[in-house]
Amino acid sequence: LMNKKVDYEEANELLDIFNNKIVPYMCEHNMSLHEAFETLRSTDNDLYKPLSELWSTTFGKAYIKSFMQKYGNKLSVKVLDTINKEIKQNE
């Protein structure tokens with residue numbers, strides 16, 4: 001499963017789910033990436049599956065690691081505000 005190949009469209013879809021669904025979920029629940037994996041594995045397959053697929057790709061793992069380095073090990077509502085402000089500035 002490691003370094004699974006995904007096409008451009010699938011990659012974009014996974015990133016979209018990560019940014020628009022998984023990140024807000026992690027922020028609302030003050031979660032680290034590890035906690036998100038643990039919790040979603042048993043509670044929400046619709047989020048767990050794309051997270052784990054993204055993590056199983058080279059670019060996905062790099063993206064998630066870089067994202068977590070930028071915003072911290074544990075995401076929070078405050079982090080979500082920061083992310084949303086950055087998105088607005090970049091539009």
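1. Phe18 is buried, because its relative accessibility is 0%; buried means under 20% relative accessible area, exposed means over 50%, and partly exposed lies in between (1.4 Å probe, protein chains only). The model is a predicted one, in which local features need pLDDT of at least 70 and side-chain atom pairs count only at pLDDT 80 or more, whereas totals for chains, interfaces and linings use all residues. Residues are numbered from 1 along each chain as its sequence is written, and side-chain values use heavy atoms, with hydrogens and water left out.

2. The next point concerns aromatic rings. A pair of aromatic rings is described by the distance of the centres and the angle of the planes. Rings of Phe, Tyr and Trp (its six-membered ring) pair if their centres lie within 6.5 Å; planes under 30 degrees apart count as stacked, over 60 as edge-to-face and the rest as tilted. By this rule there are 6 aromatic pairs. In one of them, the ring centres of Phe18 and Phe67 are 5.4 Å apart and the planes stand at 85 degrees, so the pair is edge-to-face. This pair links distant parts of the chain, since Phe18 belongs to helix α1 (residues 8-28) and Phe67 to helix α4 (residues 58-71), 49 residues apart. Helices (H or I, at least four residues) and strands (E, at least two) are DSSP runs, numbered from the N terminus. Phe67 is also buried, with a relative accessible area of 8%. One aromatic cluster is formed by Phe18, Tyr63, Phe67 and Tyr71.

3. What is the angle by which α1 bends at Phe18? The bend is about 35 degrees, where the bend at a residue is the angle between axes fitted to the seven residues ending there and the seven starting there.

4. The buried residues of α1 include Ala11, Leu14, Leu15, Phe18 and Ile22. Val23, Pro24, Tyr25, Met26 and Cys27 of α1 are buried as well. The buried residues of this helix pack against α2 (33-43), α3 (45-55), α4 and α5 (77-90); contact means heavy atoms within 4.5 Å.

5. At the N-terminal end, Asp7 caps the helix, with a side-chain oxygen 3.2 Å from the backbone nitrogen of Glu9. Just after α1, Asn30 takes a positive phi of about 45 degrees, although Asn30 is not a glycine. Most residues other than glycine have a negative phi, and most peptide bonds are trans. Asn30 is placed in the loop between α1 and α2 and is partly exposed, with a relative accessible area of 42%.

6. How many salt bridges does the structure hold? There are 4, a salt bridge being a side-chain nitrogen of Lys or Arg within 4 Å of a carboxyl oxygen of Asp or Glu. Side chains of opposite charge can pair when their charged atoms come close. Lys74 and Glu35 form one of these bridges, their closest N and O atoms being 3.0 Å apart. The pair links distant parts of the chain: Lys74 lies in the loop between α4 and α5, Glu35 in helix α2, 39 residues apart. Lys74 is partly exposed at 46% relative accessibility, and Glu35 is partly exposed at 29%.

7. Another salt bridge joins the side chains of Arg41 and Glu38 (3.2 Å, N to O). Both residues lie in helix α2, 3 residues apart, about one turn of the helix. Arg41 is partly exposed at 45% relative accessibility, as is Glu38 at 40%. An α-helix has 3.6 residues a turn, so residues three or four places apart point the same way.

8. Finally, His34 lies in helix α2 and is exposed, with a relative accessible area of 56%. His34 and Ala62 are 28 residues apart in sequence and 15 Å apart in space, C-alpha to C-alpha.

Note on methods. Polar contact = N/O pair within 3.5 Å; in protein donor to acceptor, adjacent residues only side chain to side chain.
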